[in-house]
Amino acid sequence: MPLGQRRRRWHLQVGLVGVLACLVSTLTVPTAAAGRVERPYGRLTCGPKFGVVFCPGGFVGGRDLRVPSFDGVPIDADLTLPAAGPPPYPLVVLLHGLGGNKHATESSSPDGSLDNVTLASQGWAVLSFSARGFAGSCGTAASRAASPACARGWLHLADQRYEVRDAQYLSGLLVDEGYAKPGIAVSGISYGGAQALELAMLKNRIELENGRLVPFVSPGKHIPMTVAAVYAVWPWEDYVSALQPNGRTVGAGSSISDREPIGVVKASWSTILDAAEADLGHLPPPISMHRSDLLDWQREALAGEPYPSALSAALQGLQRYHSAIGIPAPNGGPAPTAIQSGFTDSLFPVTEALRFAAQAHRRGSGAPLLEIFDDVGHAWAQNKQPDLSFDNRTGIAFLDAAVRFHRRPQTGVLVRAQTCPASAPSGRTEWAPSFSALAPAKAIITASAGQVVTSSGGDPAVAAALNATSEPLCHQLPVTAEPGTASYVLPDHRRELHVLGGVSVTATLTVTGTDPELVGRLWDVSPDGTSRQIIEMGAIRPSVNQSIATQATATAAERVEFELPPNDYVVAPGHTLELELLGRSPPFFQVSKGTFSITVSNLRATVPLA
């Protein structure tokens, strides 16, 4: 199944802000209710289907009905309209995940999902399209053969200048034709969720191919447009911190701190992403000034240490053009945004949403922002149906309030705890005005004496069982001896400990050898000390001894601060909380090509507690 295309049951009753609606109120097109022929994009033919009006694009009856985008690349787009009521309609743009296509957001019944039939039956115009480089948008050999314009129709990995601009351009055409209001809503999942965050940060601007930002206006009549609200699901905010974390994302962070030092590759996910692109997408030619920075990153990062300067350039490109973090904030901050991320999402953890919120706050934004965190997302996430339903209701209520009812929506942070086994009900819902306010208490683990972590340490069987892309989350593992690792224990406790946040660690690292890395694991250990459950896991990259000129015997020390990706997890009374540090954890994290030992001393770990 393509990445990010797991079926989610969304129940959308969203209205859209009539931003500058007076500019389009005089535009008229035949209504579906009147039974007259409509021609969206000047080429689609509409007709009744599944109780709404469906206007299929792509290849229909041997004809190529794809819509040329701003640069002429043909986009396979469908439009679904209400069965009644006059235009212009509120428009919602649905964006699919990596390797997906327009059909991922389409259905045959109004079943309450976030799909074209459900939304159109509630009065929406719904734009569903395959992202450039996938499926009918130049993603298949047949689609490329049908149009010379596909020569430039390769994927650009959610690039603001291409994929994101496609969504803006196609929406603008509908505004020009009088089908849509100029304040659009956007929702996307995973790859589409990242684009949704980019659109939220662009808001009323378009980024041209040369990187210049210009006002977002419709392409024909130059009607001012804006992104009125966004619901981003499982997104990345900074592709670098998500795929090659260095553990330094503490607080707001910055694009520089995310890539210096260069982090540790999530090797399992990188392999999956590479396969999704190669098998399902149209990749750029080997030599091209328009290459996706992801291809350069994959080539250099997966080759391992020592990293060349080309990798640093690729990381900067991923941040600048493929991540919301690279977009200068608009006046007034980003569009009203709801974000749903999974505590147990090992690909794009809640850290990405927290970063977006911190960046927006640091830039002085007063725009409504709601964060929804639970056990829903990419693997490890268990995606329990009650959590899915909760997310849908909450995200939709945000959009309703922000756009249709013109009132300030619910803001702050909503969380639901992870539970095991998979059949267990999720934890109760908690709310706070900020993420830090959810955890007013803390537990402290301290250790002044040094412990030695080696590049060959750990139990390979335990590491294999922690490959989040293939192994279950609620997987009780045995407590085994793991030589070459460091272990720190919070003693037994009589009351439950509600861990809510990421464990933050400060320590002195004395490194001998080359290209060091650390993996941190937080464990829930059973009272009898025989089994344990993973709570949090992340990677940390020390800054020292990373140079290509470093000698095998070189020794250097530094004081570091790092944080594991947060979780919401209740540790039962009598259990032990254990922090483990080790030098490798394959296959999930890429193993360093260096040989090293790290003496960890003067450690202080802070565990945030609800």
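Helix α11 covers residues 350-362, and its 13 residues reach 18 Å from the first C-alpha to the last, close to the 18 Å expected at 1.5 Å a residue. (That expected span is 1.5 Å times one less than the number of residues in the helix.) Helices here are DSSP runs of H or I with at least four residues, strands are E runs of at least two, and both are numbered from the N terminus. The model is a predicted one, so local features need pLDDT of at least 70 and side-chain atom pairs count only at pLDDT 80 or more, while totals for chains, interfaces and linings use all residues. Residues are numbered from 1 along each chain as its sequence is written, and side-chain values use heavy atoms, with hydrogens and water left out.

Back to α11, which is mostly covered: 10 of its 13 residues are buried. Buried means under 20% relative accessible area, exposed means over 50%, and partly exposed is what lies in between (1.4 Å probe, protein chains only). Among the buried residues of α11 are Val350, Leu354, Phe356 and Ala360. As for what they pack against, the buried residues of α11 meet α5 (191-202), α6 (239-243), α7 (255-259), β14 (337-342) and β15 (369-374); contact is taken as heavy atoms within 4.5 Å. Ala360 of α11 has a relative accessible area of 6%, so it counts as buried. Leaving aside neighbours within four places in sequence, Ala360 is in contact with Pro334 and Ser365. Glu496, by comparison, sits 136 residues from Ala360 in sequence and 35 Å from it in space, C-alpha to C-alpha. Just after the helix, Gly364 takes a positive phi of about 80°.

Helix α12 (residues 385-404) can be described in the same terms. Its 20 residues reach 27 Å from first C-alpha to last, close to the 28 Å expected at 1.5 Å a residue. Of these 20 residues, 15 are buried, so α12 is largely enclosed by the rest of the structure. Just after α12 comes His406, with a positive phi of about 55°.

Helix α8 (residues 267-280) holds Ser270, a buried residue with a relative accessible area of 0%. A polar atom of the Ser270 side chain lies 2.9 Å from the backbone oxygen of Lys266. (A polar contact is a pair of N or O atoms within 3.5 Å; within protein, one must be able to donate a hydrogen and the other to accept it, and residues adjacent in sequence count only if both atoms are side-chain atoms.) Not counting residues up to four places away in sequence, Ser270 touches Leu243, Val265, Trp297, Gln298 and Leu302.

Next, the aromatic rings. A search of the whole structure finds 10 aromatic pairs. Rings of Phe, Tyr and Trp (its six-membered ring) pair if their centres lie within 6.5 Å; planes under 30 degrees apart count as stacked, over 60 as edge-to-face and the rest as tilted. Phe134 and Tyr191 make an edge-to-face pair, 6.0 Å centre to centre with 85° between the planes. Phe134 lies in the loop between β9 (125-129) and α2 (135-139) and Tyr191 lies in helix α5, so this pair ties together parts that are 57 residues apart in sequence. Phe134 is buried at 0% relative accessibility, and Tyr191 is buried at 1%. Phe373 and Phe435 have ring centres 5.9 Å apart and planes at 75°, so they are edge-to-face too. Here Phe373 is in strand β15 and Phe435 in the loop between β17 (429-432) and β18 (441-447), so the pair links parts 62 residues apart in sequence. Phe373 is buried at 0% relative accessibility, and Phe435 is buried at 14%. There is also one aromatic cluster formed by Phe134, Tyr191, Trp236, Tyr239 and Phe348.

Arg532 lies over the face of Trp523, at 4.1 Å from the ring centre.

Strands β20 and β25 (residues 531-540) run antiparallel and are joined by 2 bridges, and two strands pair if DSSP finds at least two bridges between them. The open sheet has 5 strands in the order β20-β25-β24-β28-β21, with antiparallel pairing. Its edge strands are β20 (477-478) and β21 (486-490), each pairing on one side only.

Conventions:
A charge sits over a ring if NZ of Lys or CZ of Arg is within 6 Å of the ring centre and within 35 degrees of the ring normal.
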